[in-house]
Amino acid sequence: METHGIPVTIDWGKFQIGTSIFVPGVDQGKLQREFRREMQRLKLKVVIKPVVENDILGVRVWRVP
């Protein structure tokens with residue numbers, strides 16, 4: 001996965017139910033689409049929301065049961 005041409009490496013094995021990750025990026029729609037595609041491939045259930053954290057645009061992804 002990339003954001004603005006910068007590779008983002010996520011250890012999906014450590015992404016446990018009840019945890020979340022924040023990935024910065026201006027194109028929140030593109031980030032959401034990339035996460036949805038990856039989650040479908042990995043068969044993980046998540047909630048994805050566009051957010052602004054500490055004045056930084058991005059998406060937050062929560063792993064759910």
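Strands, like helices, are DSSP runs numbered from the N terminus, with at least two residues (E) for a strand and at least four (H or I) for a helix. The model is predicted, so local features need a pLDDT of at least 70 and side-chain atom pairs count only at pLDDT 80 or more, whereas totals for chains, interfaces and linings use all residues. Residues are numbered from 1 along each chain as its sequence is written, and side-chain values use heavy atoms, with hydrogens and water left out.

How confident is the predictor? The chain averages a pLDDT of 90, and 98% of the residues score at least 70; pLDDT is the predictor's confidence in each residue, from 0 to 100. Confidence is lowest in strand S1 (residues 2-3), with a mean of 72, and highest in strand S4 (residues 46-53), at 95.

S3 belongs to an open sheet of three strands, ordered S3-S5-S4 with antiparallel pairing. S3 and S4 each have a single partner strand and stand at the edges, so one side of each is left without a neighbour in the sheet. Two strands pair if DSSP finds at least two bridges between them, and S3 and strand S5 (residues 56-63) are joined in the antiparallel sense over five bridges. Within S5, arginine 60 is the bridge partner of phenylalanine 22, and glycine 58 is that of proline 24.

Next comes the core. The largest nonpolar core has 11 residues, among them Ile21, Val23, Phe35 and Val59. Such a core is a set of buried Ala, Val, Leu, Ile, Met, Phe, Trp, Tyr and Cys residues joined through side-chain atoms within 4.5 Å, where buried means under 20% relative accessible area (1.4 Å probe, protein chains only). S3, H1 and S5 are the elements that give two or more residues to this core, and H1 gives the most, with three.

Phenylalanine 35 counts as buried because its relative accessibility is 0%. Phenylalanine 35 and tryptophan 12 form an edge-to-face aromatic pair, 6.2 Å centre to centre with 90° between the planes. Rings of Phe, Tyr and Trp (its six-membered ring) pair if their centres lie within 6.5 Å; planes under 30 degrees apart count as stacked, over 60 as edge-to-face and the rest as tilted. Trp12, Phe15 and Phe35 form one aromatic cluster.

Methods
Buried means under 20% relative accessible area, exposed over 50%, partly exposed in between (1.4 Å probe, protein chains only).
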